[in-house]
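Hello,

Here is the structure I promised to hand over. Please open it and keep it beside you as you read my notes below.

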Amino acid sequence: MIASPEDARLFFDRWKEARPPLKIRMWASSLFFDAVGTVANFTSDTLELGGDSWKFTIPLEGVNFSFSDPREIPIASVRESETAQYEFGIALQLPNGDQLVIMELKASSQPAGESDD
């Protein structure tokens, strides 16, 4: 489902304040990044994501957003698997073609040894 920048900002603000663990995946032309982290900072212009030993900032100008709720997946087996792991997610399609997907993890599905600090 397409989301407006205002919808996305509501999620980013919530994630910045509550600091839930997030599954973060980025696909770029020369890189695939997959980690658990949190929203470290958020402004109307940038989104900063970080974990125990990493951090990066995404400029939000020209980004298209789409919202995903695992409960809406039509295939039952996939829906059950995804619903067990994630609350919901948002995808960012960057102007250069890169894609960033952020999914809020359910507390029970957070990998052992990883924290949201």
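**An exposed loop residue**

E61 is exposed, and its relative accessible area is 72%. This residue is found in the loop between β5 and β6. Which residues does E61 contact, once its neighbours within four places in sequence are left aside? They are D45 and P95. Take P95 and look at the distances. E61 and P95 lie 34 residues apart in sequence. In space, their C-alpha atoms are 8.2 Å apart.

The mean pLDDT of the protein is 81. Of its residues, 74% reach 70 or more. Among the elements, strand β4 (residues 46-50) has the highest mean pLDDT, at 95. Helix α2 (residues 76-85) has the lowest, at 63. Over residues 112-117 the pLDDT falls below 50. That stretch still has eleven contacts in the model beyond near neighbours in sequence. Take care there. Where pLDDT is low, the predicted coordinates should not be read in detail.

**The core**

The largest nonpolar core has 26 residues. Inside it, F12, L92, L100 and I102 have the most contacts. Which element gives the most? It is α1, with four residues.

Residues up to four places away in sequence are not counted here. L92 then touches F12, L47, L60, V63, N64, F65, D98, Q99, L100 and I102.

**Helix α1**

Helix α1 has 14 residues. From its first C-alpha to its last it reaches 20 Å, close to the 20 Å expected at 1.5 Å a residue. A8, F11, F12 and W15 are buried in α1. Why do the buried residues line one face of the helix? Seen down the axis of α1, they fall within an arc of 100°, so they share one face. An α-helix has 3.6 residues a turn, so residues three or four places apart point the same way.

The face away from the buried side carries the exposed residues E6, L10, E17 and A18. Just after α1, R19 takes a positive phi of about 55°.

**Salt bridges**

How many salt bridges does the structure hold? There are four. Here are three of them.

- E104 and R14 meet through their side chains at 2.8 Å, N to O. The pair links distant parts of the chain: E104 is in strand β8 and R14 in helix α1, 90 residues apart. E104 is buried, with a relative accessible area of 7%. R14 is partly exposed, at 39%.
- K55 pairs with E48, and their closest N and O atoms are 3.5 Å apart. K55 is exposed, with a relative accessible area of 58%. E48 is buried, at 18%.
- D34 pairs with R25, with the closest N and O atoms 3.4 Å apart. D34 is partly exposed, at 35% relative accessibility. R25 is partly exposed too, at 25%.

Bridges that share partners join K23, R25 and D34 into one network.

Best wishes

Key: Residues numbered from 1 in each chain as written. Predicted model: local features only at pLDDT ≥ 70, side-chain atom pairs only at ≥ 80, totals over all residues. Heavy atoms only, no water. pLDDT = per-residue confidence, 0-100. Helix = DSSP H or I, 4+ residues; strand = E, 2+ residues; numbered from the N terminus. Contact = heavy atoms within 4.5 Å. Core = buried A, V, L, I, M, F, W, Y, C linked by side-chain atoms within 4.5 Å. Buried < 20%, exposed > 50% of the residue type's maximum accessible area, 1.4 Å probe, protein only. Expected span 1.5 Å × (residues − 1). Arc of directions from axis to C-beta.
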